[in-house]
Amino acid sequence: MSHSYPEHVTIVDVSPRDGLQNEAMTVPTAVKQTLINDLIAAGVKKLEATSFVSPKWVPQMGDNSELMTALAETRHNDVIYSVLVPNMRGFDNAIAHRPDEIVIFGSASETFSQKNINCSIDESIERFAPVAAAAKAHGIKVRGVISCTVGCPYEGEIDPSQVAYVTKRLVEIGSEQIGIADTIGVGTPLKVQRALQAALEYADIAMLSGHFHDTYGQAVSNTLAALQMGVSEFDTSVAGLGGCPYAKGATGNVATEDVVYMLHGMGISTGIDLDKLVVAGERISKFLGRRNGSSVARALINKRQS
């Protein structure tokens, strides 16, 4: 079976936002800044810096303005700094910091939408519409991410038609990119391909990106399945940091190191230096006092030590 894989893949490292917001401890701004600069030094060209949500809901992101101000001093013109924005209030706070992209989050599961953002799928799209319009007016890119595209902690399996519906709605309000997320990591390759196929009814393959969690150890396989369809952008998290605060027991995002190792081994370029990436992941893992969640990083570190 021959696949024409993309020659280059864009890695979006989400560890500063999606990774750290699920840590029990609040990470100091300076440590976040170091993580982001370490990722950029390793060659990451796109990352999720922070999220402009109410600190009442996500205390870990309470320093969003301070972090963006600190980053402004060494901001790289060739790096896309994305921020998560749930509503107009968040947008108004974010805009002062000139993010390159704003990320809005819908869900393919009605129950998850209610539990996660306290409103229905349709209500969430209505809430995002003015945000997307305002971003466009400021020349800022808009990415819409759809959570629970293959499974939900409350509803179980998710029908691909739900993914198609939310894709359609997000594209209608102005999303230029659509992230297909397996928030609780229950997906397997064919299920992921069906979710992507559903999204393709309303979005071009170049607009789609994958966001796979590794709860059941399927994230790298799911990444490969998406690559086979021509997806060339993936959200990953250095050292496998993060989970989902609203999905009980969901472990982290797929480790950036593991995905980069696979891609490089397939002859697909990422522009990332794997050794420097491992250093970035080790540094934040040590600070958090946790085991590095990347198999590749652990293997490379053991090899160096032997």
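Reply: The structure holds 19 salt bridges, a salt bridge being a side-chain nitrogen of Lys or Arg within 4 Å of a carboxyl oxygen of Asp or Glu. Side chains of opposite charge can pair when their charged atoms come close. The model is a predicted one, in which local features need pLDDT of at least 70 and side-chain atom pairs count only at pLDDT 80 or more, while totals for chains, interfaces and linings use all residues. Residues are numbered from 1 along each chain as its sequence is written, and side-chain values use heavy atoms, with hydrogens and water left out.

One of these pairs joins arginine 283 to aspartate 38, with the closest N and O atoms 2.9 Å apart. Arginine 283 belongs to helix α11 (residues 274-288) and aspartate 38 to helix α2, so the pair ties together parts that are 245 residues apart in sequence. Helices (H or I, at least four residues) and strands (E, at least two) are DSSP runs, numbered from the N terminus. The two partners fall into separate accessibility classes: arginine 283 counts as partly exposed at 46% relative accessibility, whereas aspartate 38 counts as buried at 15%. Here buried means under 20% relative accessible area, exposed means over 50%, and partly exposed lies in between (1.4 Å probe, protein chains only).

Helix α11 also contains a pair of its own. The side chains of glutamate 282 and lysine 286 meet in a salt bridge, at 3.2 Å from N to O. Both residues lie in α11, 4 residues apart, which is about one turn of the helix. Lysine 286 is exposed, with a relative accessible area of 64%.

A further salt bridge is formed by lysine 45 and aspartate 78, whose closest N and O atoms are 3.0 Å apart. This pair links distant parts of the chain: lysine 45 is in the loop between α2 and β2 (46-51), aspartate 78 is in the loop between α3 and β3 (80-84), and 33 residues separate them. Lysine 45 is partly exposed, with a relative accessible area of 41%, and aspartate 78 is partly exposed as well, at 45%. Beyond such pairs, a network of salt bridges links Arg17, Asp18, Lys46, Glu48, Glu101, Arg143, Glu233 and Asp235.

The account now turns to the packing of α2. Two packed helices are described by the angle between their axes and the distance between the axes. Helix α2 (residues 29-41) packs against helix α3 (residues 64-72) at an angle of about 50°, and their axes are 10 Å apart. That makes α2 oblique to α3. Axes are lines fitted to C-alpha atoms, for helices over the stretch in contact, and angles run from 0 to 180 degrees between N-to-C directions; those under 35 degrees count as roughly parallel, over 145 as roughly antiparallel, 65 to 115 as roughly perpendicular and the rest as oblique. The crossing of α2 and α3 is right-handed, a term for a near helix turned clockwise from the far one by less than a right angle, with anticlockwise giving left-handed.

At this crossing, Thr29, Lys32, Gln33, Ile36 and Asn37 in α2 meet Glu66, Leu67, Ala70 and Leu71 in α3, contact meaning heavy atoms within 4.5 Å. By class, the contact of α2 with α3 has 4 nonpolar, 3 polar and 2 charged residues. Ala, Val, Leu, Ile, Met, Phe, Trp, Tyr, Cys and Pro count as nonpolar, Asp, Glu, Lys and Arg as charged, and the others, Gly among them, as polar.

Buried positions elsewhere complete the picture. In helix α8 (residues 189-199), the buried residues are Val192, Gln193, Ala195, Leu196, Ala198 and Ala199. Their cover includes α7 (160-172), β8 (177-182), β9 (208-212) and α9. Asparagine 222 is in helix α9 (residues 219-228) and counts as buried at 0% relative accessibility. Not counting residues up to four places away in sequence, asparagine 222 touches Asp182, Gly187, Thr188, Pro189, Val192 and Phe212. In helix α6 (residues 121-137) is isoleucine 125, which is buried with a relative accessible area of 0%. Leaving aside its neighbours within four places in sequence, isoleucine 125 is in contact with Val166, Arg169, Leu170 and Ile173.
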